[in-house]
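The sequence and structure come first, followed by the description.

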Amino acid sequence: MKKDIPTLRDKLVMLVLVFLVVAGISYLCQTLMVKKGANDLYQNFLLASSLLLIYFVPFVLIIRKIVQKVQLSKKEVILSALTGAFISTYLGILGNMQLSKLLIEMKLSKDFLSAWGAALTAPFTEELSKGFAVLLVVLLCRRLNLKQGLTIGIIVGVGFEIVEDVIYVFQSVFQFHESGFATAIDRVASATVSHWLFASLFALGLVSLLGRCKAISKAQAIFWLVFPVFLHFVLNSPFEDVPNSSAILATVGYALFYNAITKISNIPDEKQELVI
């Protein structure tokens, strides 16, 4: 990518990014810190968390290949990883807490909140938080193409995924007094169709709209923005308990992801160039 002299916008965006990354790291450290009587539990937590490497290492290797192919710079890779791991998780957690409080204040039944609470919070707060992380990186890139936008979304999604899963394992060990291994295995199993897929499609729709890509219709871009929220909603809803629902949703997700890749691959490079 062509390098530009930093503008006032670049400086302001970087200032916001640095502030939120530091806030996110601080929040994560506080979340994972137990002051008294937890030394033995930390051993279980670390051992269980290590299982997450089963999906994380392959993802890193695959992303490395993709980054080389789409020619994403080290700067954009690092920014994408930082914003995904710390900004999107930080804002997503805060958003989930506030939206959950709102649902409780609406005096909905406990049974309803137990069944639908996750579906009415996470799909909206987490997808928007990942979208905001993508937006920060894209604004700093200024010039990119559709393939690079998609890749930024994948990196943000994987960053979000690994931090969220570590927190889930931590809660399993320290709050529910479990070994953490079952939770880790469950997170590994669900990682194949999760935040990387949601964030990549959302990012593709976002950069298509912001960059006013003429090769992508507004309807298509909006669909890429809305579909991840819908898929996340269904995955968090009681519909997930329907037999083979996970396999069906995974198939639909992969099919649309493949369709998106095929679509942008058929667009000439000169028509993929975007200026944000």
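## Burial, salt bridges and surface

S49 is buried, with a relative accessible area of 13%; buried means under 20% relative accessible area, exposed over 50%, and partly exposed in between (1.4 Å probe, protein chains only). S49 belongs to helix α2, where helices (H or I, at least four residues) and strands (E, at least two) are DSSP runs numbered from the N terminus. The side chain of S49 reaches the backbone oxygen of F45 at 2.8 Å.

The model is predicted: local features need pLDDT of at least 70, side-chain atom pairs count only at pLDDT 80 or more, and totals for chains, interfaces and linings use all residues. Residues are numbered from 1 along each chain as its sequence is written, and side-chain values use heavy atoms, with hydrogens and water left out.

**Helix α8.** In α8 (residues 181–190), the residues T183, A184, R187 and V188 are buried. These residues lie on the same side of α8, because they cover an arc of only 140° around the axis, the arc being that of the directions from the helix axis to the C-beta atoms. A182, I185 and A189 are exposed and sit on the face of α8 turned away from the buried side. The cover over the buried residues of α8 includes α2 (39–50), α3 (53–70) and α7 (146–174), with contact meaning heavy atoms within 4.5 Å.

**Salt bridges.** The whole structure holds five salt bridges, each defined as a side-chain nitrogen of Lys or Arg within 4 Å of a carboxyl oxygen of Asp or Glu.

| Pair | N to O distance |
|---|---|
| R142 and D10 | 2.8 Å |
| E127 and K130 | 3.0 Å |
| E164 and R187 | 2.9 Å |

Through salt bridges that share partners, E161, E164, D165 and R187 are joined into one network.

What does the salt bridge between R142 and D10 connect? The side chains of R142 and D10 meet at 2.8 Å. R142 lies in the loop between α6 (122–141) and β1 (143–144) and D10 in helix α1, so the pair ties together parts that are 132 residues apart in sequence. R142 and D10 are both buried.

E127 and K130 are both in helix α6, three residues apart, about one turn of the helix. E127 is buried at a relative accessible area of 1%, and K130 is buried at 1%.

**The loop residue I267.** I267 is in the loop between α11 (245–265) and α12 (269–272). Its relative accessibility is 10%, which means I267 counts as buried. Leaving aside residues up to four places away in sequence, I267 touches L146, A215, I216 and Q272. I267 and F132 are 135 residues apart along the chain, and their C-alpha atoms are separated by 26 Å.

**A nonpolar surface patch.** L8, L12 and L15 form a nonpolar patch on the surface, with about 340 Å² of accessible area together. Patches are made of residues with over 30% relative accessible area and no salt bridge; like charges are joined within 9 Å and nonpolar side chains (Val, Leu, Ile, Met, Phe, Trp, Tyr) within 5 Å. Accessible areas come from the Shrake-Rupley method with a 1.4 Å probe, and for residues only the protein chains shown count as cover. L12 lies in helix α1 (residues 8–31) and counts as partly exposed at 47% relative accessibility. L15 is in helix α1 and counts as exposed at 58%.

Notes: A polar contact is a pair of N or O atoms within 3.5 Å; within protein, one must be able to donate a hydrogen and the other to accept it, and residues adjacent in sequence count only if both atoms are side-chain atoms.
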